[in-house]
Amino acid sequence: LGDRHENTLIAISNLGSFLQDKGDLDGAEPLLREALEARRETLGDRHPNTLTSINNLGLLLKDQGDLDGAEALYREAMEGHRETLGDR
């Protein structure tokens with residue numbers, strides 16, 4: 001399907017999340033970053049799947065102790081959801 005197909009990106013993101021859950025934060029980071037970068041390129045910054053990837057990377061950064069980085073991503077995801085979903 002290709003490196004940028006959404007099904008491939010789902011698999012990359014799932015593996016990253018699995019490694020994070022397993023405690024392999026260093027292994028998870030490049031996968032979650034790859035999924036986010038590819039979704040930004042293919043879907044745009046405000047697509048729901050991109051916003052999920054932003055949040056997922058924020059969770060990882062929080063787990064790594066990078067609270068400032070996590071907060072920035074959480075805020076970006078929140079703003080994106082507000083812009084696209086409004087107050088629903």
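**A residue and its surroundings**

A: Leaving aside neighbours within four places in sequence, Arg4 is in contact with Leu9, Glu34, Glu37, Ala38, Glu41 and Thr42, where contact means heavy atoms within 4.5 Å. The model is a predicted one, in which local features need pLDDT of at least 70 and side-chain atom pairs count only at pLDDT 80 or more, while totals for chains, interfaces and linings use all residues. Residues are numbered from 1 along each chain as its sequence is written, and side-chain values use heavy atoms, with hydrogens and water left out.

Arg4 is found in the segment before H1, and with a relative accessible area of 36% it is partly exposed; this class lies between buried, which is under 20% relative accessible area, and exposed, which is over 50%, with a 1.4 Å probe and protein chains only. The C-alpha atoms of Arg4 and Asp66 are separated by 28 Å, the two residues being 62 residues apart along the chain.

From this segment one can turn to the elements themselves. The protein has 4 helices and 0 strands, both being DSSP runs numbered from the N terminus, with helices (H or I) of at least four residues and strands (E) of at least two. From the N terminus on, the elements run α-α-α-α.

Ser13 lies in helix H1 and counts as buried because its relative accessible area is 6%. Apart from neighbours within four places in sequence, Ser13 is in contact with Leu32, Ala35, Arg39 and Asn56. Glu83, by contrast, is 70 residues from Ser13 in sequence and 24 Å from it in space, C-alpha to C-alpha. Gln20 also has its place in helix H1, and it is buried, with a relative accessible area of 11%. With neighbours within four places again set aside, the contacts of Gln20 are Leu25, Ala28, Leu32, Asn56, Leu59, Leu60 and Asp63.

Asn56 is buried, with a relative accessible area of 17%, and beyond its neighbours within four places it is in contact with Ser13, Ser17, Gln20 and Leu32. Glu71 is 15 residues from Asn56 in sequence and 12 Å from it in space, C-alpha to C-alpha. The place of Glu71 is in helix H4, and at 37% relative accessibility Glu71 counts as partly exposed.

Leu60 touches Gln20, Leu25, Ala28, Glu29 and Leu32, not counting residues up to four places away in sequence. Leu60 is also one of the residues that touch the most other members of the largest nonpolar core, together with Ile12, Ile54, Leu57, Leu61 and Leu73, in a set of 18 residues. Such a core is a set of buried Ala, Val, Leu, Ile, Met, Phe, Trp, Tyr and Cys residues joined through side-chain atoms within 4.5 Å. Helices H1 (6-22), H2 (25-43), H3 (48-64) and H4 (67-85) each supply at least two residues of this core, and the largest share, 7 residues, comes from H2. In soluble globular proteins, nonpolar side chains tend to be buried together.

Values for the whole protein complete the picture. Buried residues make up 33% of the 88 residues, and among contacts with a separation of 6 or more, 46% are between residues 24 or more positions apart. Along its principal axes the C-alpha trace spans about 35 × 35 × 20 Å. For 88 residues a compact globule would have a radius of gyration near 12 Å, and the 13 Å of the protein agrees with this; the radius is taken over C-alpha atoms, and the globule rule is 2.2 Å times the number of residues to the power 0.38.
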